Amino acid sequence: MHSSNNIKEFETPKNLKKSKFDYSFIPTLNDLGLKKQDLPDFLYKSADELIDIFSKKIENYQENRDYFYLDASSNLSVHLRFGLISARTLFNKIKRLNAPKKQIDFFIRELFWREFYNYILYHFPKSQFENLNAIKVNWNQNEDDFKNWCEGNTGVPIIDASMRYLNQIGLMHNRLRMVTSSYLTKNLLIDWRKGEEYFALKLLDYEASSNIGSWQWAASTGVDSVPYFRVFNPYLQSKKFDKDAIFIKTVLKDLKDISPKVIHTENSVQEDIFLNYPRQIVGINYSRNRAIMEFKRANNDK
(Lines give C-alpha, C1' and ligand atoms only; values in the text may rest on other atoms or scores of the structure.)
Protein backbone atom coordinates (compact mmCIF):
# COMPACT_ATOMS: atom_id res chain seq x y z
CA MET A 1 0.00 0.00 0.00
CA HIS A 2 1.44 3.39 -0.98
CA SER A 3 1.46 5.92 1.82
CA SER A 4 1.93 9.63 1.37
CA ASN A 5 4.51 11.47 3.44
CA ASN A 6 3.48 14.91 2.30
CA ILE A 7 0.10 16.47 1.51
CA LYS A 8 -0.12 19.62 -0.58
CA GLU A 9 -1.05 22.47 1.75
CA PHE A 10 -3.35 25.31 0.84
CA GLU A 11 -1.53 28.44 -0.20
CA THR A 12 -2.43 31.83 1.23
CA PRO A 13 -3.83 34.06 -1.54
CA LYS A 14 -1.20 36.57 -2.68
CA ASN A 15 -3.62 39.50 -3.15
CA LEU A 16 -4.92 39.78 0.42
CA LYS A 17 -5.32 43.32 1.65
CA LYS A 18 -5.66 44.46 5.23
CA SER A 19 -9.13 45.87 5.82
CA LYS A 20 -9.60 49.38 7.16
CA PHE A 21 -10.40 49.34 10.84
CA ASP A 22 -10.24 51.79 13.71
CA TYR A 23 -7.36 50.18 15.60
CA SER A 24 -7.34 52.98 18.18
CA PHE A 25 -10.25 51.22 19.91
CA ILE A 26 -9.47 47.75 21.23
CA PRO A 27 -12.44 46.25 23.10
CA THR A 28 -11.73 44.82 26.55
CA LEU A 29 -12.97 41.42 27.73
CA ASN A 30 -15.57 43.37 29.71
CA ASP A 31 -16.80 45.14 26.55
CA LEU A 32 -17.23 41.73 24.94
CA GLY A 33 -19.16 40.38 27.92
CA LEU A 34 -16.36 37.96 28.80
CA LYS A 35 -14.48 37.19 32.01
CA LYS A 36 -10.75 36.62 32.29
CA GLN A 37 -9.93 32.97 32.89
CA ASP A 38 -6.62 31.21 33.41
CA LEU A 39 -6.11 28.52 30.79
CA PRO A 40 -3.98 25.37 31.00
CA ASP A 41 -0.31 26.10 30.24
CA PHE A 42 -0.28 24.39 26.85
CA LEU A 43 -2.84 26.82 25.45
CA TYR A 44 -0.29 29.62 25.79
CA LYS A 45 2.04 27.72 23.44
CA SER A 46 2.05 27.79 19.64
CA ALA A 47 1.26 24.73 17.52
CA ASP A 48 4.96 24.41 16.61
CA GLU A 49 5.97 24.50 20.28
CA LEU A 50 3.41 21.79 21.08
CA ILE A 51 4.62 19.62 18.18
CA ASP A 52 8.16 19.96 19.54
CA ILE A 53 6.99 18.86 23.02
CA PHE A 54 4.97 16.01 21.50
CA SER A 55 7.97 14.82 19.46
CA LYS A 56 9.63 13.80 22.73
CA LYS A 57 6.72 11.61 23.81
CA ILE A 58 5.35 10.26 20.52
CA GLU A 59 7.46 7.10 20.72
CA ASN A 60 5.08 5.83 23.43
CA TYR A 61 1.94 7.45 22.03
CA GLN A 62 -0.05 4.32 21.14
CA GLU A 63 0.58 2.73 24.55
CA ASN A 64 0.22 5.86 26.70
CA ARG A 65 -2.65 7.72 25.03
CA ASP A 66 -5.32 5.76 26.95
CA TYR A 67 -3.89 6.54 30.39
CA PHE A 68 -5.73 9.73 31.19
CA TYR A 69 -3.57 10.66 34.18
CA LEU A 70 -0.59 10.95 31.81
CA ASP A 71 0.02 13.94 29.57
CA ALA A 72 0.60 11.72 26.53
CA SER A 73 -1.42 13.43 23.79
CA SER A 74 -0.38 16.17 21.38
CA ASN A 75 -2.60 18.82 23.06
CA LEU A 76 -3.32 20.22 19.59
CA SER A 77 -7.11 19.77 19.41
CA VAL A 78 -7.85 23.38 20.41
CA HIS A 79 -5.30 24.68 17.87
CA LEU A 80 -6.88 22.53 15.15
CA ARG A 81 -10.35 23.66 16.17
CA PHE A 82 -9.52 27.36 15.82
CA GLY A 83 -7.47 26.97 12.65
CA LEU A 84 -4.16 27.83 14.31
CA ILE A 85 -2.79 24.86 12.40
CA SER A 86 -4.41 22.97 9.53
CA ALA A 87 -4.81 19.19 9.45
CA ARG A 88 -2.62 19.10 6.32
CA THR A 89 0.19 21.09 7.92
CA LEU A 90 0.00 18.93 11.04
CA PHE A 91 0.10 15.77 8.89
CA ASN A 92 3.27 16.99 7.16
CA LYS A 93 5.00 18.09 10.37
CA ILE A 94 4.22 14.83 12.22
CA LYS A 95 5.39 12.75 9.23
CA ARG A 96 8.75 14.54 9.38
CA LEU A 97 9.36 13.75 13.06
CA ASN A 98 12.28 11.52 13.98
CA ALA A 99 10.10 8.86 15.63
CA PRO A 100 9.02 5.21 15.08
CA LYS A 101 6.84 4.89 11.95
CA LYS A 102 4.28 2.81 13.89
CA GLN A 103 3.69 5.65 16.36
CA ILE A 104 3.55 8.33 13.67
CA ASP A 105 1.04 6.27 11.67
CA PHE A 106 -1.06 5.73 14.78
CA PHE A 107 -1.29 9.47 15.38
CA ILE A 108 -2.10 10.11 11.69
CA ARG A 109 -4.92 7.56 11.98
CA GLU A 110 -6.48 9.72 14.70
CA LEU A 111 -6.19 12.74 12.42
CA PHE A 112 -8.06 10.81 9.72
CA TRP A 113 -10.85 9.91 12.16
CA ARG A 114 -11.37 13.64 12.56
CA GLU A 115 -11.51 14.00 8.78
CA PHE A 116 -13.86 11.02 8.49
CA TYR A 117 -16.37 12.63 10.86
CA ASN A 118 -16.17 15.82 8.76
CA TYR A 119 -17.23 13.80 5.72
CA ILE A 120 -20.05 12.08 7.59
CA LEU A 121 -21.60 15.34 8.78
CA TYR A 122 -21.16 16.94 5.37
CA HIS A 123 -22.80 14.07 3.46
CA PHE A 124 -25.36 13.21 6.18
CA PRO A 125 -26.25 16.60 7.71
CA LYS A 126 -29.35 15.12 9.36
CA SER A 127 -27.04 13.09 11.62
CA GLN A 128 -26.70 16.25 13.71
CA PHE A 129 -30.29 15.76 14.86
CA GLU A 130 -31.18 12.14 14.02
CA ASN A 131 -29.85 8.66 14.72
CA LEU A 132 -27.83 7.83 11.62
CA ASN A 133 -28.96 4.19 11.74
CA ALA A 134 -32.63 5.26 12.13
CA ILE A 135 -33.37 3.25 15.28
CA LYS A 136 -35.94 4.61 17.73
CA VAL A 137 -34.74 4.29 21.31
CA ASN A 138 -37.03 4.90 24.28
CA TRP A 139 -34.71 7.29 26.09
CA ASN A 140 -34.87 8.05 29.81
CA GLN A 141 -36.45 11.52 30.22
CA ASN A 142 -35.46 12.03 33.87
CA GLU A 143 -34.02 15.56 34.07
CA ASP A 144 -32.45 14.96 37.48
CA ASP A 145 -30.38 12.08 36.11
CA PHE A 146 -29.12 14.31 33.31
CA LYS A 147 -28.42 17.22 35.70
CA ASN A 148 -26.41 14.94 38.01
CA TRP A 149 -24.34 13.73 35.04
CA CYS A 150 -23.70 17.32 33.91
CA GLU A 151 -22.62 18.41 37.39
CA GLY A 152 -20.54 15.32 38.18
CA ASN A 153 -22.83 13.96 40.91
CA THR A 154 -23.49 10.46 39.55
CA GLY A 155 -21.87 8.59 42.44
CA VAL A 156 -19.30 7.05 40.07
CA PRO A 157 -15.90 8.67 40.81
CA ILE A 158 -14.44 8.47 37.28
CA ILE A 159 -17.59 10.00 35.75
CA ASP A 160 -17.82 12.70 38.41
CA ALA A 161 -14.13 13.65 38.13
CA SER A 162 -14.35 13.80 34.31
CA MET A 163 -17.44 15.99 34.29
CA ARG A 164 -16.22 18.35 37.02
CA TYR A 165 -12.89 18.73 35.21
CA LEU A 166 -14.77 19.51 32.00
CA ASN A 167 -16.87 22.12 33.81
CA GLN A 168 -13.80 23.75 35.39
CA ILE A 169 -11.27 23.56 32.55
CA GLY A 170 -13.22 22.95 29.32
CA LEU A 171 -11.23 19.88 28.33
CA MET A 172 -11.65 16.11 28.50
CA HIS A 173 -9.31 13.26 27.61
CA ASN A 174 -10.46 11.05 24.74
CA ARG A 175 -10.76 7.90 26.87
CA LEU A 176 -12.86 9.84 29.39
CA ARG A 177 -15.13 11.11 26.60
CA MET A 178 -15.84 7.49 25.68
CA VAL A 179 -16.49 6.49 29.29
CA THR A 180 -18.75 9.45 30.17
CA SER A 181 -20.74 9.23 26.92
CA SER A 182 -21.20 5.47 27.32
CA TYR A 183 -22.40 6.04 30.88
CA LEU A 184 -24.92 8.69 29.79
CA THR A 185 -26.32 6.83 26.77
CA LYS A 186 -26.19 3.27 28.10
CA ASN A 187 -26.22 3.25 31.92
CA LEU A 188 -28.49 6.28 32.25
CA LEU A 189 -30.16 5.59 28.88
CA ILE A 190 -30.27 9.33 28.13
CA ASP A 191 -30.43 10.64 24.56
CA TRP A 192 -26.93 11.26 23.10
CA ARG A 193 -28.15 14.60 21.69
CA LYS A 194 -28.39 16.01 25.23
CA GLY A 195 -24.82 14.97 25.96
CA GLU A 196 -23.62 16.31 22.62
CA GLU A 197 -25.26 19.66 23.33
CA TYR A 198 -23.69 19.83 26.80
CA PHE A 199 -20.20 19.05 25.46
CA ALA A 200 -20.77 21.75 22.82
CA LEU A 201 -21.31 24.28 25.62
CA LYS A 202 -18.23 23.25 27.58
CA LEU A 203 -15.44 21.94 25.32
CA LEU A 204 -12.73 24.39 24.26
CA ASP A 205 -11.93 22.13 21.29
CA TYR A 206 -15.59 21.61 20.35
CA GLU A 207 -16.00 20.67 16.72
CA ALA A 208 -19.50 19.73 15.57
CA SER A 209 -18.53 16.86 13.25
CA SER A 210 -16.19 15.12 15.73
CA ASN A 211 -18.53 15.63 18.67
CA ILE A 212 -21.66 14.42 16.87
CA GLY A 213 -19.80 11.49 15.31
CA SER A 214 -18.26 10.44 18.60
CA TRP A 215 -21.54 10.70 20.51
CA GLN A 216 -23.35 8.62 17.88
CA TRP A 217 -20.45 6.14 18.11
CA ALA A 218 -20.89 5.85 21.87
CA ALA A 219 -24.68 5.60 21.63
CA SER A 220 -24.48 2.82 19.00
CA THR A 221 -26.65 4.92 16.67
CA GLY A 222 -24.04 6.12 14.18
CA VAL A 223 -21.64 4.99 11.50
CA ASP A 224 -19.12 2.31 12.53
CA SER A 225 -20.45 2.51 16.09
CA VAL A 226 -19.52 0.49 19.13
CA PRO A 227 -21.90 -2.57 19.19
CA TYR A 228 -24.85 -1.81 21.47
CA PHE A 229 -24.07 -4.82 23.69
CA ARG A 230 -20.58 -3.47 24.46
CA VAL A 231 -21.04 -1.16 27.42
CA PHE A 232 -18.04 0.35 29.20
CA ASN A 233 -17.84 -0.48 32.90
CA PRO A 234 -16.65 2.83 34.42
CA TYR A 235 -15.05 1.12 37.43
CA LEU A 236 -13.01 -1.25 35.26
CA GLN A 237 -12.00 1.70 33.07
CA SER A 238 -10.73 3.75 36.02
CA LYS A 239 -8.89 0.74 37.46
CA LYS A 240 -7.25 -0.11 34.14
CA PHE A 241 -6.26 3.39 33.00
CA ASP A 242 -5.72 5.22 36.32
CA LYS A 243 -4.71 2.42 38.71
CA ASP A 244 -3.62 4.79 41.50
CA ALA A 245 -6.62 7.11 40.94
CA ILE A 246 -4.24 10.02 40.27
CA PHE A 247 -6.60 11.93 37.96
CA ILE A 248 -9.67 11.21 40.10
CA LYS A 249 -7.96 12.40 43.31
CA THR A 250 -6.64 15.52 41.59
CA VAL A 251 -10.20 16.60 40.76
CA LEU A 252 -12.19 15.09 43.64
CA LYS A 253 -10.23 16.48 46.58
CA ASP A 254 -12.53 14.71 49.09
CA LEU A 255 -11.14 11.37 47.87
CA LYS A 256 -7.44 12.27 48.18
CA ASP A 257 -6.92 9.99 51.22
CA ILE A 258 -9.16 7.17 50.00
CA SER A 259 -7.50 3.98 48.75
CA PRO A 260 -7.60 3.50 44.94
CA LYS A 261 -9.12 0.03 45.47
CA VAL A 262 -12.14 1.65 47.17
CA ILE A 263 -12.45 4.26 44.40
CA HIS A 264 -12.40 1.54 41.70
CA THR A 265 -15.05 -0.60 43.44
CA GLU A 266 -18.73 0.08 42.88
CA ASN A 267 -20.50 1.70 45.87
CA SER A 268 -17.41 1.48 48.11
CA VAL A 269 -16.84 5.23 48.40
CA GLN A 270 -20.43 5.59 49.61
CA GLU A 271 -19.74 3.19 52.50
CA ASP A 272 -17.23 5.59 54.09
CA ILE A 273 -19.21 7.32 56.84
CA PHE A 274 -16.80 10.28 56.88
CA LEU A 275 -17.50 11.12 53.25
CA ASN A 276 -20.62 12.79 51.99
CA TYR A 277 -20.31 11.27 48.53
CA PRO A 278 -23.38 11.14 46.21
CA ARG A 279 -25.26 7.87 45.98
CA GLN A 280 -25.08 6.04 42.68
CA ILE A 281 -27.94 6.98 40.37
CA VAL A 282 -28.20 3.43 39.07
CA GLY A 283 -26.43 0.08 39.48
CA ILE A 284 -23.89 -0.72 36.76
CA ASN A 285 -25.02 -4.30 35.97
CA TYR A 286 -28.74 -3.50 36.12
CA SER A 287 -28.37 -0.45 33.86
CA ARG A 288 -26.11 -2.31 31.43
CA ASN A 289 -28.70 -5.09 31.01
CA ARG A 290 -31.50 -2.53 30.69
CA ALA A 291 -29.63 -0.75 27.88
CA ILE A 292 -28.87 -3.99 26.02
CA MET A 293 -32.53 -5.03 26.15
CA GLU A 294 -33.73 -1.61 24.95
CA PHE A 295 -31.21 -1.39 22.09
CA LYS A 296 -31.95 -4.97 21.06
CA ARG A 297 -35.64 -4.08 20.86
CA ALA A 298 -34.93 -0.87 18.93
CA ASN A 299 -32.70 -2.67 16.40
CA ASN A 300 -35.23 -5.47 15.88
CA ASP A 301 -38.02 -2.93 15.30
CA LYS A 302 -36.12 -1.11 12.54
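This is a predicted model: local features need pLDDT of at least 70, side-chain atom pairs count only at pLDDT 80 or more; totals for chains, interfaces and linings use all residues.
Me: OK, so is K102 buried or exposed?
Reply: K102 is exposed, because its relative accessible area is 53% and the cut-off is over 50%. The residue lies in helix α5.

Me: What does K102 touch, leaving out residues up to four places away in sequence?
Reply: With those set aside, K102 touches Q62 and E63. There is also a C-alpha separation of 8.7 Å between K102 and E59, although these two residues are 43 apart along the chain.

Me: Staying in α5, how accessible is F116?
Reply: F116, which also lies in helix α5, counts as partly exposed at 29% relative accessibility.

Me: Which residues lie nearest the centre of the largest cavity?
Reply: Of the 13 residues in its lining, Y117, I120, S127, I212 and G213 lie nearest the centre. The elements giving two or more residues to that lining are α5 and α10, the latter spanning residues 208-218, and α10 gives the most, with five residues.

Me: And how does that lining of the largest cavity split by class?
Reply: The lining of the largest cavity has seven nonpolar and six polar residues, with no charged ones.

Me: What about the second largest pocket, what lines it?
Reply: The second largest pocket is lined by I7, F10, S86, A87, R88, F91, L111, F112 and E115, and about 200 Å³ of space lies in it. Two or more lining residues come from each of α4 (87-95) and α5 (101-123), and by class the lining divides into six nonpolar, one polar and two charged residues.

Me: Switching to helices, which residues of α11 are buried?
Reply: In α11, which runs over residues 234-241, the buried residues are P234, Y235, Q237, S238 and F241. Looking down the axis of α11, these buried residues fall within an arc of 160°, so they line one face of the helix.

Me: What is on the face of α11 turned away from that buried side?
Reply: That face carries the exposed residues L236, K239 and K240. The buried residues of α11, for their part, are covered by elements including α7 (157-169), α8 (174-187), α12 (246-251), α13 (260-263) and α14 (284-300).

Me: Which side chain reaches the backbone at the start of α11?
Reply: There, a side-chain oxygen of N233 comes to within 2.9 Å of the backbone nitrogen of Y235.

Me: H264 next, where is it found?
Reply: H264 is found in the loop between α13 and α14, and at 9% relative accessibility this residue counts as buried. A polar atom of the H264 side chain lies 3.0 Å from the backbone oxygen of K243. Residues up to four places away in sequence aside, H264 touches Y235, S238, K239, D242, K243 and A245.

Me: Now α9, which of its residues are buried?
Reply: Helix α9 covers residues 192-202, and its buried residues are W192, G195, E196, Y198 and F199. They cover an arc of only 165° around the axis, which puts them on the same side of α9. These buried residues pack against α6 (143-151), α7, α8 and α10, whereas the face of α9 turned away from the buried side carries the exposed residues E197 and L201.

Me: Last one, is K57 buried or exposed?
Reply: K57 is buried, since its relative accessible area of 18% falls under the 20% cut-off. The residue is found in the loop between α1 (47-55) and α2 (61-64).

Me: Where does its side chain find a backbone oxygen?
Reply: A polar atom of the K57 side chain lies 3.2 Å from the backbone oxygen of S73. Leaving aside neighbours within four places in sequence, K57 is in contact with D71, A72, S73 and N75.

Terms used:
Residues are numbered from 1 along each chain as its sequence is written. Side-chain values use heavy atoms; hydrogens and water are left out. Buried means under 20% relative accessible area, exposed over 50%, partly exposed in between (1.4 Å probe, protein chains only). Helices (H or I, at least four residues) and strands (E, at least two) are DSSP runs, numbered from the N terminus. The arc is that of the directions from the helix axis to the C-beta atoms. Contact means heavy atoms within 4.5 Å. A polar contact is a pair of N or O atoms within 3.5 Å; within protein, one must be able to donate a hydrogen and the other to accept it, and residues adjacent in sequence count only if both atoms are side-chain atoms. On a 1 Å grid over the protein atoms alone, a cavity is a set of points where a 1.4 Å probe fits but cannot get out, and a pocket is an open set with protein on both sides within 12 Å along at least five of seven lines; lining residues have an atom within 4 Å of a point. Grid points are joined across faces, edges and corners, and a volume is the space filled by probe spheres set on the points. Ala, Val, Leu, Ile, Met, Phe, Trp, Tyr, Cys and Pro count as nonpolar, Asp, Glu, Lys and Arg as charged, and the others, Gly among them, as polar.
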